[in-house]
Structure formats: C-alpha cells, structure tokens
Amino acid sequence: MSAIEIIAAIFGLVSVWLTVKENIWCWPTGLVMVFLYIFVFYEARLYSDVILQVIYIFLQIYGWYAWLYGGKDDTPLSVTRISKQGILVWSGVALIGTFTLGYIMNVYTNAALPYPDASITILSLIAQWLMAKKILESWIIWIMVDAIALGVYTVKHLYPTTGLYTVFLVLAALGYKEWQKAYRNPRLG
C-alpha cells in the first residue's frame with residue numbers, strides 16, 4: 001500500500017460518483033486517478049493495467065469533450081442504449097482482445113495474472129468507450145470488470161485498490177439504475 005495508491009483510490013471514488021450523477025467533473029478527476037494508477041500497476045507488474053491507464057488518459061480527454069459537445073448540434077450527450085449488433089461486435093472484441101493480450105503478456109513478459117489482467121484491460125476499454133458515448137450498457141460491463149478486478153487486486157495485495165473496486169461495484173450498479181432513469185426520462189439526466 002502506497003500513498004500514491006491511496007490518493008488514486010480517492011480520486012477514483014470521486015470520479016465514479018460524479019459519473020453516476022452524470023457530472024462533467026468526472027472526467028478531470030478520472031484523469032488524475034488514471035495517471036497515478038500507471039505507477040501503482042507498474043510496481044505490481046500488472047502491465048496490461050499500465051497500458052490501460054495510459055490509454056485512459058486519452059479516453060478521459062475524449063469523454064470530457066464528448067459529454068460537453070457530442071450531442072446533436074454540439075449539445076451535451078444524453079443516455080442511449082446499445083444496438084443488438086453493437087452487443088455482438090463488442091462481445092467479439094472482448095473475447096478476441098482478452099485472449100490476444102493475455103497471450104502476449106503470458107509469453108513475452110513476466111506479467112502477473114496475464115489473462116485476468118488482460119480481461120480487465122479489454123473490458124475496461126470497451127466500457128470506457130461506451131461510457132464516453134453515454135451508453136447505458138457501459139455500466140453492465142463495468143460490473144463485470146469490477147468483479148474480475150476484485151479477485152486480481154486481492155491476489156496482488158493491492159488492498160486500497162481492492163476496496164476501491166468493491167465500492168466501484170456498488171457504484172456501477174447504482175450508475176446503471178440512475179442512467180436507466182435518465183434514459184427513460186431525459187429531462188432528469
């Protein structure tokens with residue numbers, strides 16, 4: 001447990017809570033969190049997670065912009081749903097991406113838990129992309145990520161991060177419920 005991990009976890013809690021509430025400040029607080037987690041995951045030899053955090057920097061900036069100007073006529077985005085075709089495409093990406101990244105990390109690095117770590121990375125990228133588009137089902141993917149992450153981070157003795165992902169799991173369920181309300185009644189979002 002390090003001071004950087006604790007600070008990153010605090011920023012993570014704030015960021016996800018703000019995301020649940022569809023508050024634009026979720027993006028800058030998330031940016032601080034992902035920057036700090038680069039160092040935490042590198043030290044833990046969770047290299048897929050390191051790559052994820054680097055990519056998150058760009059996705060945080062994109063999400064911030066998209067939430068502000070990505071709607072019709074450059075208006076803020078509203079919550080939408082994913083298509084059936086989208087479900088199939090993203091499921092395929094998740095499977096292929098997880099096995100490919102897991103294989104690479106297993107064969108070419110000394111990564112700890114390469115396949116579970118790869119699944120966290122690939123599913124998180126998909127969830128983050130869908131969240132930047134304000135797609136309701138992003139929360140379902142976050143629930144899957146959080147469940148896998150709880151096991152990985154516990155095994156790696158990243159206890160503040162394990163605690164964070166326990167709260168993330170609860171917030172993801174709450175986020176799904178809140179965004180579902182916003183989808184049904186856009187004036188509430």
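## Nonpolar core

The largest nonpolar core has 57 residues, and those that touch the most other members are Y37, F41, L46, W139, W142 and Y153. At least two residues of this core come from each of helix 1, helix 2, helix 3, helix 4, helix 5, helix 6 and helix 7. The model described here is predicted.

W139 is one of the residues named above. Leaving aside residues up to four places away in sequence, W139 touches V16, T19, V20, M131, L171, A172, G175, Y176 and W179.

## Cavity

A search of the whole structure for cavities of 30 Å³ or more finds one. The volume of the largest cavity is about 300 Å³. It is lined by 21 residues, of which V16, M33, Q128, W142 and F168 are the closest to its centre. Two or more lining residues come from each of helix 1 (3-20), helix 2 (26-43), helix 3, helix 5, helix 6 (138-155) and helix 7 (159-184).

Helix 2 gives the most to this lining, with five residues. Sorted by class, the lining of the largest cavity consists of 14 nonpolar, six polar and one charged residues.

## Helix 4

Helix 4 covers residues 84-108, 25 residues in total. From its first C-alpha to its last it reaches 36 Å, close to the 36 Å expected at 1.5 Å a residue.

The buried residues in helix 4 are G86, A94, G97, T98, L101, G102 and M105. Helix 3 (47-69) and helix 5 (114-132) are among the elements that cover them.

Key. Residues numbered from 1 in each chain as written. Predicted model: local features only at pLDDT ≥ 70, side-chain atom pairs only at ≥ 80, totals over all residues. Heavy atoms only, no water. Helix = DSSP H or I, 4+ residues; strand = E, 2+ residues; numbered from the N terminus. Expected span 1.5 Å × (residues − 1). Buried < 20%, exposed > 50% of the residue type's maximum accessible area, 1.4 Å probe, protein only. Contact = heavy atoms within 4.5 Å. 1 Å grid on protein atoms, 1.4 Å probe; cavity = no way out; pocket = protein on both sides within 12 Å on 5 of 7 lines; lining within 4 Å. Points joined across faces, edges and corners; volume = space filled by probe spheres on them. Nonpolar A, V, L, I, M, F, W, Y, C, P; charged D, E, K, R; others polar. Core = buried A, V, L, I, M, F, W, Y, C linked by side-chain atoms within 4.5 Å.
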